[in-house]
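Please read the numbered points with the model open alongside.

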Amino acid sequence: MTAIAPAPPASKPAAISNWDPEDPQFWASTGRRVARRNLVFSIFAEHLGFSVWTLWSVVVVAMPAAAFPFTVDQKFWLVALPNLIGALMRIPYTFAVTRFGGRTWTMISALLLLIPIAGMVFAVTARPPYWAVLLVAATAGLGGGNFASSMTNISFFYPEKEKGVALGLNAAGGNLGISVMQLVVPIALSFGLVYGGLMWLPLVLAAALCARLFMNNLEVAKSPLKAQFATVKRAHTWIMSFLYIGTFGSFLGYSAAFPLVLKLQFPQAPTAHLGAATITLAFTGPLVGSLARPFGGWLSDKVGGARVTAACFMIMGVGSYGVVMAVQAKSMGGFLAAFLLLFTAAGAGNGSTYRMIPAIFAATSKDLTTAKRESAATLGIAGAVGALGGFYLPRAISDSINATGGIGTAFGWFAVMYGTCLAVTWWCYLRRRVLVTQAPSLAHAGV
């Protein structure tokens with residue numbers, strides 16, 4: 001049995017040199033406890049990252065037109081650009097974990113959130129020109145990188161058989177940051193736009209401190225960049241990245257656009273009033289999507305990630321059609337139901353696709369060490385590519401409104417995208433010929 005010492009005092013580097021979660025005795029005696037502690041504080045930091053990343057989706061709706069006379073297209077740029085920057089940041093954030101360690105990088109990435117927070121406060125108080133507001137909104141993309149580093153870090157802590165649930169919980173805790181933000185920030189904004197940024201300051205500092213005190217660096221997670229970049233030569237890396245555009249890209253894009261789309265399509269949508277705060281139903285979409293993510297990971301552990309992913313794409317195609325029909329019928333109830341279906345399927349698909357990645361590399365790599373390294377790198381690459389969907393979807397909706405006056409064209413193309421993702425999933429991971437002749441162990445690896 002491999003043993004580790006208890007977490008060292010905060011004044012010393014919290015590094016663990018021996019880590020073997022695949023050893024049942026080690027896992028039962030010490031591994032599970034340490035892994036859970038790191039998971040809890042990883043979720044806390046990632047949750048804040050998502051909140052700050054998508055902060056402008058609420059701020060844009062609350063900005064008074066008299067003070068900020070932006071067009072609809074300009075507003076969609078403010079909610080879309082942070083997603084693009086966040087996607088680009090995920091590549092360096094992924095490799096930062098293997099360079100600096102999960103604990104160290106969690107502290108650094110949490111403190112980096114102070115930049116978009118300060119920028120948001122500046123934008124709503126100084127009221128600079130639009131280009132400056134857009135630049136400030138772009139810095140919120142720093143929060144998007146946190147997801148990649150957090151998922152990469154946690155993937156090293158858990159054994160293969162429990163990664164689906166662990167990664168699902170980690171991701172869901174982060175994804176919930178969008179819903180929580182869309183629920184509580186309007187309350188803060190009711191006291192003044194500046195408080196939509198200031199409210200995150202103590203929480204960000206707390207996340208950095210908790211990472212410093214309670215998380216660990218794993219020596220096993222550190223590896224040369226050249227070895228990690230080897231995964232870019234693997235076809236599975238890019239196939240899974242494409243599929244993640246359909247799942248996570250949809251979740252992120254809809255989360256960013258939903259408050260503005262709901263306001264534009266149904267100005268009469270019901271709201272709740274808490275003092276001077278007006279809370280819309282927009283937060284419910286990210287909420288159900290976040291809660292569905294660990295379920296998708298858990299179900300994938302039971303029946304296989306590819307099967308769950310395929311089912312999610314079919315449901316998302318139906319949801320897209322439902323949105324188009326509801327808008328044409330001017331049915332707000334149908335519109336909300338279709339969007340919640342999209343969020344639920346996208347959330348579950350997030351969990352199933354991320355469960356597929358470790359299983360695929362465990363089944364196709366030459367050894368377990370290589371599999372862990374390449375799957376961790378692929379988690380970050382797929383997260384980055386997938387997050388590009390968070391930029392594309394809001395922009396496609398805006399272009400559809402500008403061209404046709406409605407969102408139907410955009411959602412028609414989204415349905416085509418989900419059909420393509422379904423076909424790729426079946427062709428690469430569900431066909432019997434592939435499982436039997438190309439990678440027979442995939443059939444037994446939870447794929």
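1. N350 lies in helix 15, which spans residues 332–364; helices here are DSSP runs of H or I with at least four residues, strands are runs of E with at least two, and both are numbered from the N terminus. The model is a predicted one: local features need pLDDT of at least 70 and side-chain atom pairs count only at pLDDT 80 or more, while totals for chains, interfaces and linings use all residues. Residues are numbered from 1 along each chain as its sequence is written, and side-chain values use heavy atoms, with hydrogens and water left out.

2. Is N350 buried or exposed? N350 counts as buried because its relative accessibility is 0%; buried means under 20% relative accessible area, exposed over 50%, and partly exposed in between, with a 1.4 Å probe and protein chains only. Neighbours within four places in sequence aside, N350 is in contact with N175, Y244, T247, F248, F251 and R293, where contact means heavy atoms within 4.5 Å.

3. G141 sits in the loop between helix 6 (130–138) and helix 7 (142–157). With a relative accessible area of 0%, G141 is buried. Not counting residues up to four places away in sequence, G141 touches W53, P82, I85, G86 and M89. G141 and A87 are 54 residues apart in sequence, yet their C-alpha atoms are 7.6 Å apart in space.

4. How many salt bridges are there? The count comes to five, a salt bridge being a side-chain nitrogen of Lys or Arg within 4 Å of a carboxyl oxygen of Asp or Glu. In general, side chains of opposite charge can pair when their charged atoms come close.

5. One of these pairs is E162 with R32, whose closest N and O atoms are 3.6 Å apart. This pair links distant parts of the chain, with E162 in the loop between helix 7 and helix 8 (163–189) and R32 in helix 1 (residues 24–53), 130 residues apart. E162 is partly exposed at 23% relative accessibility, and R32 is partly exposed at 26%.

6. E374 and R234 also form a salt bridge through their side chains, at 2.4 Å from N to O. Distant parts of the chain are linked here too: E374 belongs to helix 16 and R234 to the loop between helix 11 (225–229) and helix 12 (235–265), 140 residues apart. Both E374 and R234 are buried.

7. A further salt bridge joins the side chains of D399 and R395, at 3.5 Å from N to O. D399 and R395 are separated by about one helical turn, because they are four residues apart in helix 16. D399 is partly exposed at 41% relative accessible area, whereas R395 counts as buried at 10%. Salt bridges with shared partners join D73, R395 and D399 into one network.

8. The axes of helix 16 (residues 368–404) and helix 17 (residues 408–430) come within 7 Å and cross at roughly 140°; axes are lines fitted to C-alpha atoms over the stretch in contact, with angles from 0 to 180 degrees between N-to-C directions. Helix 16 is therefore oblique to helix 17: angles under 35 degrees count as roughly parallel, over 145 as roughly antiparallel, 65 to 115 as roughly perpendicular, and the rest as oblique. Helix 16 contributes Y392, L393, A396, I397, S400 and T404 to the contact, and helix 17 contributes G408, T409, A410, F411, F414, M417 and Y418.
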